[in-house]
Amino acid sequence: MVSTSWLQKNKKIVYIIMIFAVSVWGISFSAMELIPKKPIAKVLGRKITQDEFTEMAIRWQRLFFPQTQESIIPIVWKQFLMVEKANQMGLMITSPEVEDGLRRIAFQVFGQTPELEKRRLMQFLCNTFKLTPDQIQRTIREALLVEKLESLLRSSTKVTSEELWHRFSLENEQVKLKIMALKASDFADTVQVNEEELIAFYNKYKNKEYDAHSGTPGYMLPEMVKIECLIAKFDDMQALVDVTKEDIKKYYEDNKETQYKIDPAEITTEESSVPEDKTETMSEGDTKEKDLSHVYKSYDAVKDEIRKILAGQMAREKASEVIHKVDEEIYATIDKEDRPNFSDLAVKYKLTRTIPAGKESKREFLAESDLWEIFPGSDKISKVAFDREKFEPSMPLEFVEGFVIFQVIDKKYPAPAPFEEIKNKVLRDITIEKGLQKSIEIAEKYTSGSNSATAFEDIVKLIAGEYSQKDFLVCETDYIKRPMKLFDRDSRYIEALDADRPNLTNKAFELKPGEVAFAVETLDEKACYIISVIERKPADTALFEKTRENVMKRFLYEKQEAFLTAWKADMNKQMEIYTKFQ
């Protein structure tokens with residue numbers, strides 16, 4: 001009552017204060033809007049604000065990457081750059097092109113082009129992607145601009161006839177070789193290693209991780225984790241589910257049209273079952289022709305198969321249900337001192353509890369490669385395992401055998417393997433290194449200045465005579481081509497050596513028939529090879545003309561990709577992104 005009377009007596013003062021406050025707030029808000037937003041990047045000379053980038057990122061995320069769990073920020077920056085360049089070049093996207101883009105988006109959603117008018121289609125897309133019509137059209141327009149710019153750049157790349165023939169010739173020219181293999185292991189017993197050399201060799205490579213593609217040793221152990229797992233195995237869950245006859249019959253009826261219809265050409269009286277309503281009796285025991293398009297495998301013939309399918313589906317659902325209950329209990333009790341341990345949870349929910357060991361290493365401390373072998377079918381488990389703190393349970397993760405929740409119970413960070421533990425391995429490695437060096441010295445000694453047609457046979461006799469106790473491999477190859485790129489490195493399998501020997505092959509194509517040289521291979525089994533070209537076979541011009549169109553398409557595509565990659569790399573130099581927004 002007192003406060004009400006005070007307000008009534010001082011109405012004028014209150015109104016003045018309110019008007020003043022509103023005015024100040026309004027002015028302050030307007031002033032804030034007038035203050036320029038701080039840019040987070042500069043793209044082709046234009047400053048980009050966080051609001052502008054965030055709005056584009058949201059649109060692209062929802063429309064083109066709705067399911068991805070990874071950050072799309074790097075992708076959006078690349079698209080931003082391309083859109084900006086396309087606008088600077090004056091490229092335009094017409095309304096019909098945008099409508100065609102809408103239909104393409106709809107096709108991805110429906111799996112076919114829906115029979116919907118534009119307004120209803122737009123409404124459906126807005127509801128699906130949680131965007132406005134303007135946002136959808138702008139995003140499609142941007143995507144089409146990028147597409148048009150890339151198409152324009154591709155069309156500017158051409159391949160001449162001379163380039164095409166040169167490429168075809170390089171890929172299809174062949175050589176036949178004589179080879180003498182001087183393997184590093186052949187000379188391992190001829191080298192001496194003292195303790196000082198052994199320790200020096202270990203110290204040289206102790207801080208390097210082993211890489212099979214580098215050809216050099218490495219004694220740095222990768223980060224490893226020891227984990228405790230709760231696994232809901234699909235096979236175990238099948239014992240907990242019940243597949244009824246009704247379930248099997250319903251599955252049969254629901255799926256017989258797509259799964260159990262018999263091809264009319266394969267129908268026999270014994271293996272087909274015709275629904276009663278599809279055959280009508282005629283006079284004199286004759287029947288109408290059967291409607292072969294509605295003949296299915298009999299229920300009895302497929303019921304066991306269906307039982308297995310349903311049992312598998314139910315087991316997967318059961319496993320998911322159980323593992324998520326476990327997950328809920330873990331996180332409900334995560335901060336409690338008496339929280340249940342994994343052994344208790346395994347008993348309570350009938351799960352498998354294990355501390356897995358590597359399939360090859362047999363050790364409980366697991367590297368990334370071990371996790372791939374133990375939990376096939378998941379690319380997340382290894383990432384989650386190495387990101388986890390000790391005793392921090394993971395979320396449920398699926399792999400081919402079931403669902404798993406695990407916690408890291410111990411860690412080993414990257415460190416050199418103790419010298420005493422790997423001393424024998426270091427000795428083998430240095431012995432092979434010295435053996436390879438010995439083979440190179442022998443090859444250099446006997447190939448220096450050799451160029452006659454008989455030089456190769458002479459060299460083989462001389463080396464065999466000097467090392468009569470050794471049994472060196474000497475062979476001839478069939479015709480072989482130049483190496484090709486495989487997993488970003490040169491590769492050429494040589495059947496006569498039963499090995500991938502790209503360095504040898506590259507060296508061979510530098511030689512004329514009768515010339516002798518040597519090549520060193522450090523991957524897989526290390527060896528030095530003395531080689532001589534028996535014959536060179538040029539590329540077949542008739543085959544070139546026959547396959548010219550396909551060769552043109554492939555080479556043109558590769559050249560376009562190389563040009564686009566170089567062009568984008570150059571464009572990236574014209575984009576400056578402040579670190580926190582990358």
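**Salt bridges, sheet and core**

Author: Glu364 is partly exposed, with a relative accessibility of 35%. Here buried means under 20% relative accessible area, exposed over 50%, and partly exposed in between, using a 1.4 Å probe and protein chains only. The model is predicted, so local features need pLDDT of at least 70 and side-chain atom pairs pLDDT 80 or more, while totals for chains, interfaces and linings use all residues. Residues are numbered from 1 along each chain as its sequence is written, and side-chain values use heavy atoms, without hydrogens or water.

Reader: Which side chain meets Glu364 in a salt bridge?

Author: That of Lys226, at 3.2 Å from N to O. Lys226 lies in strand S5 and Glu364 in the loop between S6 and helix H14 (368-374), so this pair ties together parts 138 residues apart in sequence. A salt bridge requires a side-chain nitrogen of Lys or Arg within 4 Å of a carboxyl oxygen of Asp or Glu. Helices (H or I, at least four residues) and strands (E, at least two) are DSSP runs numbered from the N terminus.

Reader: How many salt bridges are there by this rule?

Author: The count is 43. One of them joins Arg154 to Glu561, with the closest N and O atoms 2.3 Å apart. Arg154 is in helix H7 and Glu561 in helix H19, 407 residues apart, so distant parts of the chain are linked. Arg154 is partly exposed at 22%, and Glu561 is partly exposed at 27%.

Reader: Which residues form a network of salt bridges?

Author: Glu55, Arg59, Asp134, Arg138 and Glu142 are linked in this way.

Reader: Turning to the sheet, in what order do the four strands come?

Author: The order is S6-S5-S8-S7, in an open sheet with antiparallel pairing. Strands S6 (352-354) and S7 (397-399) stand at the edges with a single partner strand each, so one side of each has no neighbour in the sheet. From one strand to the next the twist averages 35°. Two strands count as paired if DSSP finds at least two bridges between them.

Reader: How many bridges are there between S5 and S8?

Author: Strands S5 (residues 224-233) and S8 (residues 402-412) pair over ten bridges. Cys229 has Phe406 in S8 as its bridge partner.

Reader: Which strands does helix H12 lie across?

Author: Helix H12 (residues 299-332) lies across S5, S7 and S8, at about 40° to S8. Helix H13 (residues 342-349) also packs on the sheet, touching S5, S6 and S8, with its direction at about 15° to that of S5. Axes are lines fitted to C-alpha atoms, for helices over the stretch in contact, and angles run from 0 to 180 degrees between N-to-C directions. Contact means heavy atoms within 4.5 Å.

Reader: Which members of the largest nonpolar core touch the most others?

Author: Phe53, Trp77, Ile136 and Ile140 do, out of 42 residues. Such a core is a set of buried Ala, Val, Leu, Ile, Met, Phe, Trp, Tyr and Cys residues joined through side-chain atoms within 4.5 Å.

Reader: What is Phe53 in contact with, leaving aside neighbours within four places in sequence?

Author: Phe53 is in contact with Ile40, Ile48, Ile73, Val76, Trp77 and Phe80. Phe53, Trp77 and Phe80 also form one aromatic cluster. Rings of Phe, Tyr and Trp (its six-membered ring) pair if their centres lie within 6.5 Å; planes under 30 degrees apart are stacked, over 60 edge-to-face and the rest tilted.
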